[in-house]
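This report goes through a protein model and its ligand in turn, beginning with the division of the chain and ending with points of backbone geometry.

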Amino acid sequence: MKAIRRLTVRPVLPDPLRPLSDLARNLRWSWHEGTRDLFRSVDPGCWADAGGDPVRLLGTVPPARLAELAGDGEFLRRLAGAAADLDRYMTGDRWYQDRERSARLPAAVAYFSPEFGITAALPQYSGGLGILAGDHLKAASDLGVPLVGVGLLYRHGYFRQSLSRDGWQQEHYPVLDPGALPLALLEEPDGTPARVALALPGGRELRARIWLAQVGRVPLLLLDSDVEENDLGERGVTDRLYGGGSDHRLLQEMLLGMGGVRAVRAYCRITGHAPPEVFHTNEGHAGFLGVERIAELCDGGLDFDSALEAVRAGTVFTTHTPVPAGIDRFDRDLIARHFGPGAELPGIGAERVLRLGGESYPGGEPGVFNMAVMGLRLAQRANGVSLLHGGVSREMFAGLWPGFDADEVPITSVTNGVHAPTWVAPEVFRLGARAIGAERAEEALTVGGPDRWDSVTDIPDEDLWELRRTLRGQLVAEVRERLRASWRERGAGEAELGWIDGVLDPGVLTIGFARRVPSYKRLTLMLEDRERLTGLLLHPERPVQIVVAGKAHPADDGGKRLVQELVRFADDPRVRHRIVFLPDYGMGMAQKLYPGCDVWLNNPLRPLEACGTSGMKAALNGCLNLSVLDGWWDEWYQPDFGWAIPTADGAASDPERRDAMEAAALYELLEQRVTPPFYERGRSGLPDRWIEMVRRTLSLLGPRVLAGRMVREYVERLYTPAAEAHRAMEPDAARGLAEWKARVRAAWPGVRVGHVEASAATATAELGSTLGLRVRVGLGDLAPDDVEVQAVSGRVDSGDRITGAAALALKPVSGPDLEGRWVYEGPLALDRTGPFGYTVRVLPSHPLLASGADTGLVAVPTDEPAGTAAPLMR
Ligand SMILES: *Cc1c(COP(=O)(O)O)cnc(C)c1O
């Protein structure tokens with residue numbers, strides 16, 4: 001019989017065990033081994049059945065066992081210790097509180113993301129973007145940063161993957177019952193659930209309740225549209241992560257952005273939490289948060305342009321992908337309908353919203369509304385996620401700042417990091433704790449700080465090698481178990497599966513490759529030359545074994561074909577003991593996989609991997625990286641940490657040829673460079689060269705890849721300046737800035753750079769000398785205070801283009817003459833040898849702007865009026 005309604009009945013814990021409930025509901029257990037140990041000891045069998053999820057565990061432990069524990073003095077003592085530890089964690093001063101005394105840090109930051117990967121027990125993520133968001137919240141919690149996370153609660157999360165007999169990906173969408181997840185409803189003081197509602201076209205309404213997940217010190221608000229007051233269609237808005245067509249996606253993104261701001265407001269009102277001074281959007285999906293905040297300010301009496309300035313000041317936008325398919329783009333008509341009359345935000349014309357996301361630049365599509373473009377227009381500060389990706393993003397979005405070189409596009413970068421307490425295997429942590437003590441080891445992993453972990457140098461070779469062997473052995477056991485389960489799901493009987501006991505060898509060099517399966521990540525590059533790969537797998541003295549995992553997006557048949565190709569290869573009895581594909585890659589598997597591998601392989605099409613984080617998690621466990629120089633590896637690769645796979649970008653434009661060349665380079669590296677140091681033995685009987693690389697990876701790379709380092713950078717380089725800009729942007733200041741921009745834009749066609757005179761007009765000069773520059777600049781209706789006149793200089797290429805330009809502000813010395821022209825002067829130092837060039841330009845200048853390129857306006861020497869109103873401003 002089918003139930004008409006379902007609910008979750010929560011267990012009643014005996015009084016002495018009450019603190020267990022608080023420990024289960026704060027997700028800090030997911031990165032705190034001690035708390036997990038406590039739960040395991042409640043009932044090891046139930047713990048395993050519950051998949052290591054304390055809320056599920058408490059729902060299944062027999063009452064008799066609970067009664068027994070309630071009288072177990074030793075258990076109660078441990079419980080009290082864990083509860084006190086959590087209390088200390090939640091209330092003590094941390095890095096942020098120490099800094100707050102010296103700097104005016106934001107009172108709170110709201111962090112929006114379409115997905116959050118915090119633990120396998122809360123499956124609300126699909127891959128790297130979500131896990132990064134989870135790591136961001138955890139690191140913020142460890143550092144004491146007052147962050148509030150905002151996302152959606154997907155009723156089916158992302159899909160679970162299994163395989164058909166012939167290796168085709170199968171998708172399952174388990175129903176998640178929020179009552180059985182580590183969540184609590186946000187309630188109004190009168191006990192009713194807090195609600196947000198959005199008006200939709202056609203008189204419909206989208207309502208959502210708000211779930212609260214406690215991620216250490218950081219609250220995470222998750223909006224859920226599956227409430228009875230909604231019509232069926234609206235109930236389904238938060239059904240799946242990245243599912244459905246574009247109407248569905250738009251509703252999800254409106255709920256996340258606009259509903260999310262309202263959820264934050266409700267949370268602050270109900271709990272007394274400080275209101276955010278900074279709003280940070282992880283990718284463009286939550287971009288409507290800016291539109292919502294403009295509407296709030298317009299309701300308060302500000303005009304749109306002034307509100308836009310005020311919102312931009314306190315907004316940070318992080319872009320995550322140079323792959324166009326990774327950016328949400330909507331039909332303009334769809335946006336027009338949802339922001340037209342009768343829909344939400346009637347105070348803001350659809351035309352204004354449309355202009356924010358319009359691709360109004362060369363090469364843009366006129367009928368398209370682009371969420372990344374809106375994200376950039378709504379944020380005064382933006383960043384990519386590695387040094388390389390920052391550069392790629394500046395090129396990619398340069399069309400929004402015409403007249404500026406790509407390297408001046410105001411998009412910086414903060415290289416991603418990973419939350420070490422989540423990703424470091426307990427065995428690795430214990431080895432570190434043995435060297436410097438648990439407390440210092442924890443501090444080193446969370447806050448970070450020193451550039452190198454010197455204590456790793458003192459760990460004996462035998463201990464490091466023993467650690468690698470232990471972790472590899474655990475992985476082998478885990479792989480066999482998962483492979484057996486997978487084959488059962490594929491319909492195999494136990495009698496067929498005896499061979500699985502011989503799958504993988506704890507003594508063989510183990511390579512891991514696991515990630516989502518978009519085509520740019522090239523899951524099957526290793527299959528380019530199957531014979532050569534087989535030779536590596538079956539090498540008589542120096543074999544390798546490979547563990548592969550990854551989900552293809554449900555709508556991506558191309559990706560599913562790649563999975564099938566790999567599965568079919570791995571099914572071959574000749575090699576199936578040396579290469580396996582494990583279905584349903586997720587955080588639970590990842591936590592076992594990274595530590596157990598010796599080498600982590602990554603072979604994306606450069607430069608499409610914005611950062612990549614799995615290799616960082618591997619490195620923190622002493623695994624060496626073998627990767628294309630893309631994302632973070634391009635920045636931090638050293639021969640001590642692993643190997644760089646040579647790329648053929650530029651050389652081979654034909655993608656097939658490029659794959660073949662890069663695969664050949666990969667095989668050669670494996671044969672010549674990777675396997676020998678693993679198998680050779682030094683005088684002590686250990687692989688000395690390998691161990692030295694492990695040691696250097698841990699001590700030198702470890703401290704860089706931390707999420708703590710990343711969040712500290714966000715606080716110092718983006719959140720704090722954004723909070724200061726937000727504070728400076730009082731309503732009058734915002735109005736003043738908006739009026740100034742309008743005036744400058746109107747007057748700009750009158751700005752002209754006249755003849756530039758130099759003190760020496762020769763074609764050669766000596767290093768260390770100075771060139772006196774003098775230029776006549778027509779400012780039209782503007783005054784010197786409105787602009788900066790700059791000499792821009794640097795090395796020039798054969799086309800006279802200045803590279804690595806430096807800007808020097810020139811000073812007005814006289815003016816205006818009868819025609820409104822000013823004379824500017826300044827000394828240009830000739831501080832480098834070789835071909836050198838300079839030019840002069842005029843930029844609008846205002847103390848409330850973060851970047852000289854902000855307005856997109858610039859005037860350069862020409863007889864024509866230069867720099868028409870830029871797309872950024874239209
Ligand atoms: C870290 C992680 C990712 C991201 O991996 P990339 O190599 O950066 O793409 C994806 N999925 C899971 C489960 C992860 O833990």
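## Domains of the chain

Domain bounds, as used here, come from an automatic or database domain assignment. On that basis the protein chain of this predicted model is divided into domain 1 (15-91), domain 2 (95-100 + 109-417 + 719-728), domain 3 (460-695) and domain 4 (743-872).

## The ligand and its shell

The ligand is surrounded by 15 residues, and the closest of these are Lys521, Tyr594, Thr613, Ser614 and Lys617. Sorted by class, the shell holds six nonpolar, six polar and three charged residues. Domain 2 and domain 3 each contribute at least three residues to this shell. In terms of secondary structure, helix H8 (128-143), helix H23 (587-596) and helix H24 (614-619) each provide at least two shell residues, and the largest share, three residues, comes from H23.

For the side chain of Lys521, an N or O atom is 2.6 Å from a ligand oxygen, while for the side chain of Arg515 the corresponding distance is 3.3 Å. Thr613 takes part through its backbone, where a polar atom is 2.6 Å from an oxygen atom of the ligand. Taken alone, the ligand would expose 390 Å², and the protein buries 96% of that area.

## Domain 2 against domain 4

The size of an interface is often given as the accessible area lost when the parts come together. For domain 2 and domain 4 the buried area is about 1,300 Å², with carbon and sulfur atoms giving 56% of it. On the domain 2 side, Gln380, Trp401 and Phe404 lose the most area to domain 4, and together they account for 33% of what that side buries.

Counted by residues, 17 from domain 2 are in contact with 17 from domain 4, and the centres of these two domains, taken over C-alpha atoms, are separated by 39 Å.

## Backbone geometry

Most residues other than glycine have a negative phi, and most peptide bonds are trans. Against that background, where in the chain is Pro607, which a cis peptide bond joins to Arg606? Pro607 is found in the loop between strand S20 (599-602) and H24, and the omega of its bond to Arg606 is about 0°. H24 is also one of the helices that supply residues to the shell around the ligand.

A cis peptide bond also joins Gly815 and Pro816, with omega about -10°; Pro816 lies in the loop between strand S27 (811-814) and strand S28 (821-829). Tyr242, a residue other than glycine, has a positive phi, near 55°, and is placed in the loop between helix H9 (232-235) and helix H10 (246-271).

Conventions
Residues numbered from 1 in each chain as written. Predicted model: local features only at pLDDT ≥ 70, side-chain atom pairs only at ≥ 80, totals over all residues. Heavy atoms only, no water. Near = heavy atom within 4 Å. Polar contact = N/O pair within 3.5 Å; in protein donor to acceptor, adjacent residues only side chain to side chain. Areas by Shrake-Rupley, 256 points an atom, 1.4 Å probe, with all protein chains shown as cover. Helix = DSSP H or I, 4+ residues; strand = E, 2+ residues; numbered from the N terminus. Nonpolar A, V, L, I, M, F, W, Y, C, P; charged D, E, K, R; others polar. Contact = heavy atoms within 4.5 Å. Buried area = accessible area lost by both parts, 1.4 Å probe.
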